[in-house]
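Morning, everyone. I'll keep this brief. Please have a look at the model first.

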Amino acid sequence: MSEQPPRHDMQDWSDLSPEQLLEQLVHHLYSPVSILGSQLKRLTDDDDPISEDDYETIFNTMHNAVNQLSRTV
């Protein structure tokens, strides 16, 4: 496994108190998890038929949310 270069898009988490760390973690995780939940609901909801274009948009949105989660984790 190759070592990843240091990231510059996130603050240094080691300088945070436990309370600040939890607050930041929730802040960074909430949006992508919420997006995944809402898009999954659209995919599984029987009340609203989805077009092929909608499927592509949904999967792209979900892919971006997963990427955001991986950057945070």
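This is a predicted model. Start with the contacts. Take pairs in the protein chain at least 6 apart in sequence: 49% of those contacts join residues at least 24 apart. The fold elements are quickly listed: two helices, zero strands.

How far can we trust it? Average pLDDT for the protein chain is 83, and 85% of the residues score at least 70. Where pLDDT is low, the predicted coordinates should not be read in detail.

Now α2. It has 21 residues and reaches 31 Å from first C-alpha to last, close to the 30 Å expected at 1.5 Å a residue. Which of its residues are buried? Ile58, Met62, Ala65, Leu69 and Thr72. They sit on the same side of α2, because they cover an arc of only 75° around the axis. Turn to the face pointing away from that buried side, and you find Glu52, Asp53 and Glu56, exposed.

What do the buried residues of α2 pack against? The partner is α1, residues 18-44. Take Met62: beyond four places in sequence, Met62 touches Leu36, Gln39, Leu40 and Leu43.

That brings us to the core. The largest nonpolar core has six residues: Leu36, Ile50, Ile58, Met62, Ala65 and Leu69. Helix α2 supplies the largest share, four residues.

Last, the surface. Of 73 residues in the protein chain, 14% are buried. The chain exposes about 6100 Å², with carbon and sulfur atoms supplying 54% of it. Thanks.

Methods
Residues numbered from 1 in each chain as written. Predicted model: local features only at pLDDT ≥ 70, side-chain atom pairs only at ≥ 80, totals over all residues. Heavy atoms only, no water. pLDDT = per-residue confidence, 0-100. Core = buried A, V, L, I, M, F, W, Y, C linked by side-chain atoms within 4.5 Å. Buried < 20%, exposed > 50% of the residue type's maximum accessible area, 1.4 Å probe, protein only. Contact = heavy atoms within 4.5 Å. Areas by Shrake-Rupley, 256 points an atom, 1.4 Å probe, with all protein chains shown as cover. Expected span 1.5 Å × (residues − 1). Arc of directions from axis to C-beta.
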